[in-house]
Amino acid sequence: MSILQLSGGSILRLIRLFGIYLLLLFGAVLFTAPFLWMLSTSLKTPELVFTHPPQFIPNPVQFRNYMEGWQRLPFTRFTLNTVIITSHNAIMDTLVSAVVGFSFARLRAPGKDYLFVLVLATMMVPYEVTRVPLYILFSRLGWVNTLLPLMIPTWFGWPFFIFLLRQFFTTIPFDLDDAARMDGCHSFRIFVQILIPLSKPALAAVAIFSFVSNWNDFQGPLIYLSDLNQYTLALGLRMMQGGRFIFIHQVMAVSIVSVLPLLLIFFSAQRYFIRGVTLSGIKA
Amino acid sequence: MTNRERREALEFYLGISPWLIGLVCFTGGPILASLAISFTQWRLLSPPKWLGIQNYIDMFQDEGTRVSLGNTLFYTGLSVPLGLVTSLFVALLLNQRARGSTLFRTLFYLPTITSGVAMALLWLWLLNPEFGLINLALGLIGIKGPAWLQDPDWAKPALVLMSLWTIGTSMVIFLAGLQGMPQHLYDAAKIDGANQLREFWHVTVPMLTPTIFFVMVTSIIASFQTFTNVYVMTEGGPGWSTLMYGLYLYNNAFEYLRMGFASAMAWGLFLVILALTILQLLGARRWVYYEGGIRGRI
């Protein structure tokens, strides 16, 4: 191969790389522009929000919007409620789904396969089907307008998480269990001492999944909560919209604060999150 | 059964007992209850009245159901294929392993993780005809943007546009699929003198069909369940132009308290989803390639 050919190839490669970066950069601008616009609006004075031509970088910067928006409704209370629900659910979802998933993956028992088909079948049923009966059940129990309907169901495992963890647990070599069993280990000890330490990434993925989906959940709180003291952030934000666009700078400010925990979690545990999404697609 | 086997079985049933209880109380029980309720008229204040299949007949004659189903099909028909192509394209770009692609992946995934009321409010503002970023940007290149959510003709396309912003999940699944591609196939294609485009159509796409199939099925299902965005942004308006099936179902159950009718609608949704999935499974036999010759399985 001559030197000329080689350098021709590398120039082509350089052009290709340049094209890829150009496209990626263009995409990145499209995908982040809404966030930047949100940030920009949240720092503007009301007059600046509605000017032509628009100002992209606010001048003067008005940090007050965050404080004033936050005080428009009991947002501290909403945040507390949201944190209670999401942290409880993340812990219970992970714990219960791990135990159930472990049983399906590692223990032998008659009837197991049929029961696992049931797990898969319930995964297929859209939540709309059970919405009405569950609402009636919870209202009979006197749980409407408490946080209970949004929390108690996680004590019983969620089919999707059970499936996810079961799939993960089956990828861990079985010799480990057998060796432990030879030494007279109980299943519970195998679970706690062998599988859990090996499955931290998958467990983290489930916990983060659960946290994010509960943080963003809107229809659940909308159906069950009516007292302002019980409201979650999602419901509180939706109330802000009632003020039309006059307070849009404050609405944007509170919206940013409400997604900050999600961003923090995502940036610190992105690895696990991406892994979880990948795991969920692996059955494809 | 030996003692050990018996003990293991006992441990199994103990281990899955939370799920079993949940199955009876929160999943299986309610599913059967929902089916029963769908054959009644029940407004919660008075006891349920048996109607037989009347709710299902009404559903076909009810204009709201028809309109909402039409809207949902329109929305799904646009947002799913566009989302599929966009997310695959982005995944292909990210898979070039250029430096910093992890950073780009993070940026592209961000909107997906924050999807919720906050993002619905943000898009309401972005789509504002006069002061929203989208029409301002269109104005810069000399296009006068439509009134988006305030115009019955543009409201659904606006929602489709918004859906393209949250393609993160499909993107990550595609990326995983691409990274799992066996390198030897590409090496073989190179030896046969295939260029990049041929490589894409004859190696990447066939090998990726199971992933495309999976993403398609799950996206269609998710799209049929669209709720939060329309509830927050349009409440189904203007007119009925963004009345989605999930929103109309919610309205029937929790605004009009028509529990029987709403349950029938939920079963209608379930059947549509089931039918779509089966149809795709059947269609998949023709176009989905499974390495090792296992066909027609997810």
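I began with residues 12-39 of chain B: the end C-alpha atoms lie 38 Å apart, and the span is 93% helix and 0% strand. Helices here are DSSP runs of H or I, at least four residues, and strands are E runs of at least two, numbered from the N terminus.

Before going on, I noted that this is a predicted model, with local features needing pLDDT of at least 70, side-chain atom pairs counted only at pLDDT 80 or more, and totals for chains, interfaces and linings using all residues. Residues are numbered from 1 along each chain as its sequence is written, chains are lettered from A and ligands numbered from 1 in the order written, and side-chain values use heavy atoms, leaving out hydrogens and water.

I checked residues 158-180 of chain B too: 35 Å between the end C-alpha atoms, 78% helix and 0% strand.

Next, the interface. I found 89 residues of chain B in contact (heavy atoms within 4.5 Å) with 93 residues of chain A. The two chains bury about 8,300 Å² between them, 78% of it on carbon and sulfur atoms; buried area is the accessible area (1.4 Å probe) lost on putting the parts together, summed over both. In chain B, B:Trp19, B:Phe26 and B:Trp125 lose the most area to chain A, together 10% of what that side buries.

Which side chains meet in a salt bridge? I got A:Arg108 and B:Glu8, at 3.1 Å, N to O. The count between the chains is one salt bridge (side-chain nitrogen of Lys or Arg within 4 Å of a carboxyl oxygen of Asp or Glu). Helix α1 (residues 3-37) of chain B gives the largest share of the side touching chain A, 23 residues.
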